[in-house]
Amino acid sequence: MKLFLPKQHGAWAMLIIPFWLGVINGGYLWQHIPFFIGWLLLYLATYPMLLLFKKKRIPFYTKWTLIYIVPALLLLGIPLAARPSLFYFGLLMMPFFMINAYYTSKNQDRAFMNDISAIFAFSIAGLASNYLTQGSMTATAIIFTFTTSVLFFIGCTFYVKSMIREKKNAKFKWISWSYHFVLILAWFIGGFWIAALAFIPSLLRAILFYGKKLSPKQIGIYEIINSGLFFIIIAIQIFLQK
């Protein structure tokens, strides 16, 4: 049986990076393994679940929702048993899921606010993985797990749109470039120069690649590299903050 998988390849970075930054910040527990696998399966389940709101191929999407969500809930029950208050992070994600459901029902999956909503939901998972270990929220977790992830992936959204859907929109180009530049400047002014370095590759690729004839596959490959650099540098920042 061929797996039914999401087509939004950029979402995989959002699935992985915030979660493991949270682990790095809070500390590793063995429960993080079933937590991550459960989180992965829950993400896979939300894809057909959201497509149900289009009211097409309902039996097919229902089947794949159940295939993913049943083992997801079983695995997520393991960290939840260790830290029952993790349940509240799930509640925090619900409004963002409903926003995604709304845009899906309107066939506006690529709407900017739909992307922003997904970014916030994925980044909350980083807070949850940190909370599993520490049982509390620290400033380091909020700044270097949640905030950096949100800001980074919003920048990715600006960049990808400037390369594909808005590639002929000069105004959008300047919005993307300005966003990345101000972001780096703000981190430097705040005294977090390592965090600032994590966003420099994003600024460079936003400027240097703009207008170049890159295929979606090439854009995706470069984004994997950029995401890897971001993860490594922010991980270093977290270690130095401890």
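Leaving aside its neighbours within four places in sequence, which residues is Lys-167 in contact with? Select Lys-161, Ser-162 and Tyr-210: these are its partners, where contact means heavy atoms within 4.5 Å.

Two notes before moving on. This is a predicted model, where local features need pLDDT of at least 70, side-chain atom pairs count only at pLDDT 80 or more, and totals for chains, interfaces and linings use all residues. Residues are numbered from 1 along each chain as its sequence is written, and side-chain values use heavy atoms, with hydrogens and water left out.

Stay with Lys-167, which sits in the loop between helix 6 and helix 7 (170–189); helices are DSSP runs of H or I, at least four residues, numbered from the N terminus.

Next, select the lining of the second largest pocket, which includes Lys-167, Tyr-210, Lys-212 and Pro-216. A pocket is an open set of points on a 1 Å grid where a 1.4 Å probe fits, with protein on both sides within 12 Å along at least five of seven lines; lining residues have an atom within 4 Å of a point. Helix 6 (139–163) and helix 9 (216–241) each supply at least two of the lining residues.

Finally, zoom out and colour by element: the chain has 9 helices and 0 strands. Along its principal axes, the C-alpha trace spans about 45 × 45 × 30 Å.
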